[in-house]
Amino acid sequence: MDFTFDNNIPIYIQLLEYMKIYLISGVFKAGDKLPSVRDFANTFKVNPNTMQKALAELESMKLIYTERTNGKFVTKDEKLIEKLKDEYAMTLAKSYFDGMKKIGLGKADSIKYLERINN
Amino acid sequence: MNLVEIKHVSKSFDKKKILDDVNLKIPSGKIIGLLGKNGAGKSTLIKLINGLLTPSEGEILFKGKPIGVYSKANISYLPERTYLDKSMKVKDVIEYFAEFYENFDTECAYTLLKDLKLDAEKRIIKMSKGMQEKLQLILVMSRDAELYILDEPLSGVDPATRDYIIDTILSNFKEGSSIIISTHLISDIERILDEVVFIDEGKIVLASSADDLRNKEKSSIDEAFRRMFKC
């Protein structure tokens, strides 16, 4: 898979987003061992220093942790990942309603549109 | 630790000052973009670090020592123009480099040749410009150096080849070593840079972390550069 980056936004922030989606969608599950910084950098085709910065950020958010000699792991706290998922979904929902608002549609109408895209 | 320290360096040709009191520290373990317009002084600065020119004033230190035998053995340099004998075959050039540089890794060179789909039996003169650029990069990146200096590695090649070149630079970025890339094709390369240095009319006008600059300017490095040097 090819990852694209927007040069207008700090690269580590975009990496952080990709990583959050990995955690939310369960590509890496609670307690899983993560690939090395180098491996991640190769996958995303980014500078390993930038990858390291994104992982450090995830670590400061307690979403991942480092075991001294074993490398990095996803947090064992599933609630934390649930919370991340909830926040992320909320952001997506909000941006949908914001977009609808711009074209003059309120919440009730917006929900009707959502229901129409069931299949 | 700083790999290179440039202290109050000026360089004049005849009476014209090409570099004017340049102060710069190149840390180890980073990819640094040396960005400037044509004629800003990028190549002159690079030639000074490589010891191909000597400063008119000031000094340059590589790991605390003046530029000399040690620095030359540990800096791998991709010049702006090719110096290869074009009648040679690729495999002969590789042998030549292996003979010349103690830290040249022939196996690495052949792996890269394969990755970039170059034929070792081919004569350089028969290769396209993009293929020649790739070959030069392979030769430079196959040395186990502490500092790689790439002067305009992307110029004159198509966007697809540029991506190949950038990927090759990244995947050969060894832990603890640094890479200086000079270019005016900023948008192609900026995503891999740790630090950016803007040079204009022989002076360093900005040195910053790439992501800090994006945050501060709320734009890409390319855009920030264009704004700063608008004619």
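Strands β3(B) and β9(B) run parallel and are joined by four bridges; strands here are DSSP runs (E, at least two residues), helices are runs of H or I with at least four residues, and both are numbered from the N terminus. Two strands count as paired if DSSP finds at least two bridges between them. Across this pair, B:Leu35 stands opposite B:Phe198 in β9(B). The model is predicted, so local features need pLDDT of at least 70 and side-chain atom pairs count only at pLDDT 80 or more, while totals for chains, interfaces and linings use all residues. Residues are numbered from 1 along each chain as its sequence is written, and chains are lettered from A and ligands numbered from 1 in the order in which they are written.

**The six-stranded sheet of chain B**

- The open sheet that holds β3(B) and β9(B) has six strands in the order β6-β7-β8-β3-β9-β10, with mixed pairing.
- Its edge strands are β6 (75-78) and β10 (203-209) of chain B, each of which pairs on one side only.
- Direction ignored, neighbouring strands of this sheet are turned by 15° against each other on average; axes are lines fitted to C-alpha atoms, for helices over the stretch in contact, and angles run from 0 to 180 degrees between N-to-C directions.
- Five bridges link β7 (residues 147-151) and β8 (residues 178-183) of chain B in the parallel sense, and B:Asp151 has B:Ser182 of β8(B) as its bridge partner.
- β9(B) and β10(B) pair in the antiparallel sense over six bridges, with B:Glu195 opposite B:Ser209 in β10(B).
- The hairpin of β9(B) and β10(B) has two residues between the strands, and B:Glu201 takes a positive phi near 45° in this hairpin.
- Five of the six residues of β9(B) are buried; a residue is buried if 20 or more other C-beta atoms lie within 10 Å of its own, exposed if 12 or fewer, and partly exposed in between, with C-beta atoms placed from the backbone.
- Helix α8(B) lies across β9 (195-200) and β10 of chain B, and runs at about 95° to β10(B).

**The four-stranded sheet of chain B**

- Four strands of chain B form an open sheet in the order β2-β1-β4-β5, with antiparallel pairing.
- The edge strands are β2 (16-27) and β5 (65-66) of chain B, and each pairs on one side only.
- Eight bridges join the antiparallel strands β1(B) and β2(B), and B:Ser12 stands opposite B:Lys17 in β2(B).
- In the hairpin of β1(B) and β2(B), with two residues between the strands, B:Asp14 takes a positive phi near 55°.
- B:Glu5 lies in β1 (residues 2-13) of chain B and counts as partly exposed because it has 16 C-beta neighbours inside 10 Å.
- Not counting residues up to four places away in sequence, B:Glu5 touches B:Lys25 and B:Leu61; a contact requires C-beta atoms, placed from the backbone, within 7 Å of each other.
- B:Glu5 and B:Phe62 are 57 residues apart along the chain, and their C-alpha atoms are separated by 6.6 Å.

- Helix α3 (residues 48-60) of chain A has 13 residues and should span 18 Å at 1.5 Å a residue, which agrees with the 18 Å between its end C-alpha atoms; the expected span is 1.5 Å times one less than the number of residues.
- The buried residues of α3(A) include A:Pro48, A:Met51, A:Leu55 and A:Leu58.
- These buried residues pack against α1 (11-25), α2 (37-44), β1 (64-67) and β2 of chain A.
- Just after α3(A), A:Lys62 takes a positive phi of about 65°.
- A:Gly71 lies in β2 (residues 71-74) of chain A and is exposed, because 12 other C-beta atoms lie within 10 Å.
- Leaving aside neighbours within four places in sequence, A:Gly71 is in contact with A:Lys33, A:Leu34 and A:Ser36.

**Contact between the chains**

- The contact takes 18 residues from chain B and 13 residues from chain A.
- On the side of chain B that touches chain A, the elements giving two or more residues are α6 (159-171), α8 (210-217) and α9 (221-228) of chain B.
- By class, that side of chain B has five nonpolar, five polar and eight charged residues; Ala, Val, Leu, Ile, Met, Phe, Trp, Tyr, Cys and Pro count as nonpolar, Asp, Glu, Lys and Arg as charged, and the others, Gly among them, as polar.

**Confidence**

- The model scores ipTM 0.82 and pTM 0.89.
- Chain B has a mean pLDDT of 93, with 100% of its residues at 70 or more; pLDDT is the predictor's confidence in each residue, from 0 to 100.

Key. Two residues are in contact if their C-beta atoms, placed from the backbone, lie within 7 Å.
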